Amino acid sequence: MEAQGKRKFSVREIREDFPALRQLIYGKNLIYFDNGATSQKPQYVLDAINRYYSKNNANIHRGVHHLSQQATSDYEDSRKFIASYLNANSSDEIIFTKGTTDGINLVAYSYGELLKEGDEIIISTMEHHSNIVPWQMLCQRKKCVLKVIPITKKGDLMMDEYEKLLSSKTKLVAVTHISNTLGTINPIKEIIEKAHAVGAKVLIDGAQSIQHKKIDVRELDCDFFVFSSHKVFGPTGIGVLYGKEHLLEKMPPYQGGGDMIKKVTFEKTTYNELPYKFEAGTPHIAGGICLGKALEYVNQFNIEDIEKHEMMLADYAQDLLSTFEDMNIIGESKRKTSVVSFIIDDVHPFDLGTLLDKQGIAVRTGHHCTQPLMDFYKIPGTVRASFAFYNTKEEIDVFIAAVEKGISMLK
Amino acid sequence: MTLEDKQQNIIEEFSMFDDWMQKYEYIIELGKDLPKIDENKKTDERLIQGCQSNVWLDSSFENGKMTYKADSDAIITKGIIGLLIQVLNEEKPEEIVKSDLHFINDIGLHEHLSPTRSNGLASMVKKMKMDALKAI
């Protein structure tokens, strides 16, 4: 990969890098609009996976032999690259996890150990179940109180209500950077500043932002940032928890096992240093290495070019969808990214999703693991088209025609 | 007509369709034609909750035979319910319990009955059979 000059942003050339995009589904060219659920993988990442298993496969951190040292250095180099990609202070702040959900659970468990009865945690109405349930479990365990930031009908957080929820009792604010259902980009910098003003820490769920935006954890000043590899063109089953070093130091280990220990006796065990303290057992080595490769792939481009293209796609799709009769766009924030969620009166999302599938178009239907948000809008679910930088306007034209056909069959 | 004959009829009917959209057009029509079950019968005991769509099933047993009525909030799910009812209605519970509903597979709709599809249909078939078993 070029280190200095950025690669020219050409969707046609980018599509060439993704073999999964070149296939027929039910005899139709695949149109993949389910990027919010997971992204396709570029050849650059696929080659790295293949290289790891066909050449460098060995367990890490404990072998004296050549392969083990090679795998260890690839794994740790990846951690260093991820640290620099996120602009973290050090690679000790990068904990490999199974994914976003695992990262949130780690913080809820481990940071949660430092909380006491009556402490308050703030989340928002638009959170994914992964950023709701771990906090509910923590609240049950430690008798803490969960507070929820309400949203407007358009899908924006009510920031004045957020301020009212903040107090000296607030110990943690956990919000999503970008809503997986609405596409709303939350004003996280402001959220973080306001939380810090009352002494609370902030966890940002970056599952839907890492693939669309430049993330600078130091500039944001967030305390924790979590994301999954598979949404940013890397393998499944691996993700990252970024945490500020002094906080991670204070937190007890989450799981016990190999790699996370310094010395074990039956009387007492001492724990390893960061980041290994939080990485019990043999990790997903290929995943860790190839997540780094996926970020390297993205890093070839100016992320602003990616953002611009995806915004254009979302605006284009939303404008065309808005012309349909009985159309309800769910999530109409002025600050939103490449997600368009909608529901049409008297058309069940499952039916439309099934008919789109049979026309070769992959979208997501249902509640998108945000049931409280569906309750807020009083709908059973939505059809969600979510775009990535390899999608095109032409694909949206085909999608719109397919939606039209679907509606004509269902109504 | 035996339960197997009814399955064969459906398989034959579906063999006339050239593509998926035609198949679904037909299923949607079946869904629209399926008699609705009374709103007051859409109780929690009759509800089979799926992740994607919900199904309500009302089974009854009279004169040695089962009668099923069912409804769904999704029209494609409803259409497939219509097919299942065509096959299982007015059959003896013993026949229903031992039936192999292979027609779903043969007409290419097996994906709708896989438990991972979570549209409530897989659980509905199970409940249709359980209700028949209770009647034996």
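Modeller: Among contacts in chain A between residues at least 6 apart in sequence, 71% join residues at least 24 apart; two residues are in contact if their C-beta atoms, placed from the backbone, lie within 7 Å. This is a predicted model, where local features need pLDDT of at least 70, side-chain atom pairs count only at pLDDT 80 or more, and totals for chains, interfaces and linings use all residues. Residues are numbered from 1 along each chain as its sequence is written, while chains are lettered from A and ligands numbered from 1 in the order in which they are written.

Biologist: What share of chain A counts as buried?

Modeller: Of its 411 residues, 49%; buried takes 20 or more other C-beta atoms within 10 Å of the residue's own.

Biologist: How many helices and strands in chain A?

Modeller: There are 14 helices and 17 strands, counted as DSSP runs (helices H or I, at least four residues; strands E, at least two).

Biologist: And what box do the C-alpha atoms of chain A fill?

Modeller: Roughly 70 × 55 × 40 Å, along the principal axes.

Biologist: Switching topic: at what angle do α4 and α5 of chain A cross?

Modeller: The axes of α4 (residues 100-110) and α5 (residues 133-142) cross at roughly 15 degrees and come within 9 Å; axes are lines fitted to C-alpha atoms over the stretch in contact, with angles from 0 to 180 degrees between N-to-C directions. That makes α4(A) roughly parallel to α5(A), a label for angles under 35 degrees.

Biologist: Which residues make the contact?

Modeller: Ile104(A), Asn105(A) and Ala108(A) from α4(A), and Pro134(A), Trp135(A), Met137(A) and Leu138(A) from α5(A).

Technical notes
Parallel < 35°, antiparallel > 145°, perpendicular 65-115°, else oblique. Buried ≥ 20, exposed ≤ 12 C-beta atoms within 10 Å, placed from the backbone.
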